[in-house]
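Please keep the sequence and the structure at hand while reading.

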Amino acid sequence: FDGEDVSPVPLLVGTVAFAGLAAARALRLLSLRDEAEARLASSERLYRALAANSSDAVILLDANGVVTNHVPRLAEMLGHRGVSTTGRRALDFVAADDQATRVMFDQALLAPGVVFAGETHITQPEGDLWLSTRVVNLLDDSDVRGVVVNLHDVTDRKRAEAELVHQAFHDSLTGLANRCLLYTSPSPRDRTR
């Protein structure tokens with residue numbers, strides 16, 4: 001500069017303006033972060049409320065079939081209200097003769113992302129329990145890291161089906177087998193032919 005005095009005022013004004021813009025930007029980012037955290041907390045509360053008040057149970061299992069999330073609805077379905085099922089092996093609840101559910105879990109482990117569906121039979125002192133079951137292996141999903149199992153109680157439907165079958169093959173007055181039941185099994189004479 002050719003010997004002229006340079007005024008520091010424009011530099012000072014520019015620095016103050018830049019600092020003001022940086023502060024405003026930082027406050028805006030903090031505000032956006034707070035809003036995102038509030039939305040996340042609200043979403044989590046919604047998920048927990050839906051899970052707690054659902055007629056279904058959604059459980060998360062590790063690769064060994066151990067329940068990894070807290071599911072009060074599962075304990076309620078199993079007749080153990082207030083007892084935690086976390087850390088318990090899910091297949092231990094399944095009836096001994098229910099091989100289909102065990103196969104379904106094994107198939108899900110071998111086919112990540114594929115949904116397998118069926119019915120699970122659980123025996124209890126209070127009576128049998130039937131659950132519509134959907135299983136999908138999401139162990140490789142970084143957000144889930146587990147096998148997701150959706151359970152819906154279909155016990156009333158299974159009882160109604162059994163009652164309809166009984167009514168179809170038994171006399172309503174005597175309870176004895178009717179002709180339909182007799183016609184469905186081969187007679188000794190038919191077996192020799």
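How many nonpolar, polar and charged residues does the lining of the largest cavity have? In this predicted model, that lining holds 15 nonpolar and 3 polar residues, with no charged residues.

**The cavity**

The count comes to 1 cavity of 30 Å³ or more, and the space in the largest cavity is about 190 Å³. Its lining is made up of 18 residues, and those that lie nearest the centre are Ile 59, Ala 90, Val 94, Thr 101 and Val 149. Two or more lining residues come from each of strand E1 (56-61), helix H3 (99-110), strand E2 (115-122), strand E3 (129-138) and strand E4 (146-153).

**The pocket**

The largest pocket holds about 310 Å³ of space, and 14 residues line it, with Tyr 47, Arg 48, Ala 51, Ala 52 and His 70 lying nearest its centre. At least two residues of this lining are supplied by each of helix H1 (9-52), E1 and helix H2 (72-77), and the largest share, 5 residues, belongs to H1. By class, the pocket lining divides into 8 nonpolar, 3 polar and 3 charged residues.

**The two spaces side by side**

| Space | Volume | Lining residues | Classes in the lining |
|---|---|---|---|
| Largest cavity | about 190 Å³ | 18 residues | 15 nonpolar, 3 polar, no charged |
| Largest pocket | about 310 Å³ | 14 residues | 8 nonpolar, 3 polar, 3 charged |

Strand E1 gives two or more residues to the cavity lining, and E1 also supplies at least two residues of the pocket lining.

Key: Residues are numbered from 1 along each chain as its sequence is written. This is a predicted model: local features need pLDDT of at least 70, side-chain atom pairs count only at pLDDT 80 or more; totals for chains, interfaces and linings use all residues. Side-chain values use heavy atoms; hydrogens and water are left out. On a 1 Å grid over the protein atoms alone, a cavity is a set of points where a 1.4 Å probe fits but cannot get out, and a pocket is an open set with protein on both sides within 12 Å along at least five of seven lines; lining residues have an atom within 4 Å of a point. Grid points are joined across faces, edges and corners, and a volume is the space filled by probe spheres set on the points. Helices (H or I, at least four residues) and strands (E, at least two) are DSSP runs, numbered from the N terminus. Ala, Val, Leu, Ile, Met, Phe, Trp, Tyr, Cys and Pro count as nonpolar, Asp, Glu, Lys and Arg as charged, and the others, Gly among them, as polar.
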